[in-house]
Amino acid sequence: MRILVISDIHANLDAFDAVLQDANGQWDYVWCLGDVVGYGPDPNECVERLRELPHLCLAGNHDWAALGRLDLNSFNPEARHAVGWTSGALSGNSRVWLEALQTTFVAGDFTLAHGSPREPVWEYIFEASVAAQNFPHFETPFCLVGHTHQPAIYEQQNGPGSVDMVLPDPRQRRQLNGRRQIINPGSLGQPRDQNPRAAYALLDLPDGVWEYRRVAYDVNAVQDRMRREDFPERLVRRLEYGW
Ligand code: ZN
């Protein structure tokens, strides 16, 4: 069984389709770690595309914000604008589907969450010290998270507070065994590691082999749609910088 692991699609259909094409026929099931909508111009199209696939999807903070479930004061002005636009654009079907998303899921050796196992919708795991605090909050050997839009692997060393951060190399197959790990596949639709290409991963089960990948997509096409809808220019431009 091979899992296509994606996160933070952020209503970017061109990036989503580029990933599906790149991973063509190499997976059986999709795990999506949340933020299907928000920021991008294609919220309903991305929900529909995901719903066509055999999948499991968790709720992210932008999914909840678009449903009016979160206080928007914690969002910056551009993000707030995107939430307002997304809220108005969501179809009834998309809304019902987003409403039903759960915040964590355990599948075999893997715990899944959008942000962290401790605070599934909100917490960012940007550094080893925060990852270390999160290892006691899940019971499986591995945890998959998104939310930061930056690919990373946090590996627990000997001793409970000791965690190493590893930045994975694309297209290198990494055997997951021995040590507990928190793994982030990066963002499919709005990367923030100064690499504009869509990020995703393939996970072989039950062997536990992780392969992280990047794929180029038509950034200009997405930017054109955003400009037609008067998205803030900073949100439009960040797609080409990967930030
Ligand atoms: Zn996100």
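Start with helices H1 and H2, which are roughly parallel to each other. Keep in mind that this model is predicted.

**Stop 1: the helix pair**

Select residues 13-22 for H1 and residues 43-51 for H2. Their axes come within 9 Å and cross at roughly 25°. Angles under 35 degrees count as roughly parallel, hence the description above.

Now show side chains. On the H1 side, pick Leu-13, Phe-16, Asp-17 and Leu-20. They meet Glu-45, Cys-46, Arg-49 and Leu-50 of H2. Colour this contact by class: five residues are nonpolar, three are charged and none is polar.

**Stop 2: the largest pocket**

Which residues lie closest to the centre of the largest pocket? Select Tyr-39, His-62, Asn-76, Tyr-124 and Arg-192. They belong to a lining of 18 residues. The space inside is about 260 Å³.

You get seven nonpolar, seven polar and four charged residues.

**Stop 3: the second largest pocket**

Move on to the second largest pocket, with a volume of about 200 Å³. Select Gln-150, Pro-151, Ala-152, Leu-167 and Asp-193. Of the 14 lining residues, these are the closest to the centre.

How do the lining residues of the second largest pocket divide by class? Here 10 are nonpolar, three are polar and one is charged.

Methods:
Residues numbered from 1 in each chain as written. Predicted model: local features only at pLDDT ≥ 70, side-chain atom pairs only at ≥ 80, totals over all residues. Heavy atoms only, no water. Axes fitted to C-alpha atoms, helices over the stretch in contact; angles between N-to-C directions. Helix = DSSP H or I, 4+ residues; strand = E, 2+ residues; numbered from the N terminus. Parallel < 35°, antiparallel > 145°, perpendicular 65-115°, else oblique. Contact = heavy atoms within 4.5 Å. Nonpolar A, V, L, I, M, F, W, Y, C, P; charged D, E, K, R; others polar. 1 Å grid on protein atoms, 1.4 Å probe; cavity = no way out; pocket = protein on both sides within 12 Å on 5 of 7 lines; lining within 4 Å. Points joined across faces, edges and corners; volume = space filled by probe spheres on them.
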